[in-house]
Each structure stands twice: as C-alpha cells, then as structure tokens.
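Let's take a walk through a protein model and look at the open spaces in it. Keep the 3D view handy as you read.

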Amino acid sequence: MPARVLQRLTGLPERPGGQPVAVNLAMHYGQAALLGVVRSIMAQTGLRGPVASAQFTVVRITNDQIFENATGVGAPPMTWPRGELVVDALHKAVYAFTTGAVADALAARHGPGPGQRHASLLPGRHADVGPLPRQDAYGR
C-alpha cells in the first residue's frame, strides 16, 4: 500500500499487482523518518514515556490513514478484516514505542522538558498551577 500512495501523491505511473519494492520502502521509511521528528519534539518538550508512545501510536496510524484514504488507496480501518487491523496496529505500536524509547533517551540527556518542569512546580494533579516563568519555559 505505501507504494501506491506515493505513486498517487507524486504522479508516478501505477501498476496492477505487486508494487516496486524501492517505491514501497521509500514511502514506508520516509513517513517513519518524518514522523520520528514529531516523537522527538514530543520528548524534547517533556512528553515522554509509555503514555507518550501510546499517543504517538495513534499519530502514526492516523498519518497512514490520512494518506491512504485521501488518495483512495485505502479504506477506513473499521472496514478491514480484523486480522489485518491487528497486524497493522501492532506494527505501528512497535514502531511508536521503539521510536519513543530512542527519542526519550536522547531528550533525557538535556534534562526535563518544559512540560516536565511545569509539572514539577506542584507534583500531583492540580488545576490551578500557573505557567512556568517565560525564562524557564524554553531550552537552557
């Protein structure tokens, strides 16, 4: 499916049956690399750990669905056979959690992100914690 999406997005000719491996890999790894930047930004700002990786799994699935449905190559996941849905979701989750582990480890080298520093002002769940002072909100 990734090859057909890229063919439609770029105007490359489409072929019936099997798709060129190079085109398939270009789209597959290209999307993964670009979305890895999103997960890196999440980690740098303080969205780290398993919950952030679960959120990112949704981003990864949503990204695929936008491109596949917008180009007419795919259909919404709720119409897929359950087996295909499970395999796709599992693959996206493995990607998201692996990418998250790497992004979180790299971001941790710079200490807590702004969101984490904000949360540490008053640990626990509170509604009225004001923002970090501007000078503390961004990189050091």
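The largest pocket has a volume of about 430 Å³. Among its 22 lining residues, the ones closest to its centre are Pro2, Asp64, Glu68, Asp88 and Lys92. Helices α1 (2-10), α2 (21-45), α3 and α4 (82-108) each give two or more residues to this lining, and α4 supplies the largest share, six residues. Sorted by class, the lining has 11 nonpolar, five polar and six charged residues.

A quick word on where this comes from: it's a predicted model, where local features need pLDDT of at least 70, side-chain atom pairs count only at pLDDT 80 or more, and totals for chains, interfaces and linings use all residues. Residues are numbered from 1 along each chain as its sequence is written, and side-chain values use heavy atoms, leaving out hydrogens and water.

And the terms? A pocket is an open set of points on a 1 Å grid over the protein atoms alone, where a 1.4 Å probe fits, with protein on both sides within 12 Å along at least five of seven lines; lining residues have an atom within 4 Å of a point. Helices are DSSP runs (H or I, at least four residues), numbered from the N terminus.

Now find the second largest pocket, with about 160 Å³ of space. Thr45, Gly46, Leu47, Gly115, Gln116 and Ala119 line it, and helix α5 (residues 114-119) gives the largest share, three residues.

Finally, go to Thr57 in helix α3 (residues 50-70).

Key. Grid points are joined across faces, edges and corners, and a volume is the space filled by probe spheres set on the points. Ala, Val, Leu, Ile, Met, Phe, Trp, Tyr, Cys and Pro count as nonpolar, Asp, Glu, Lys and Arg as charged, and the others, Gly among them, as polar.
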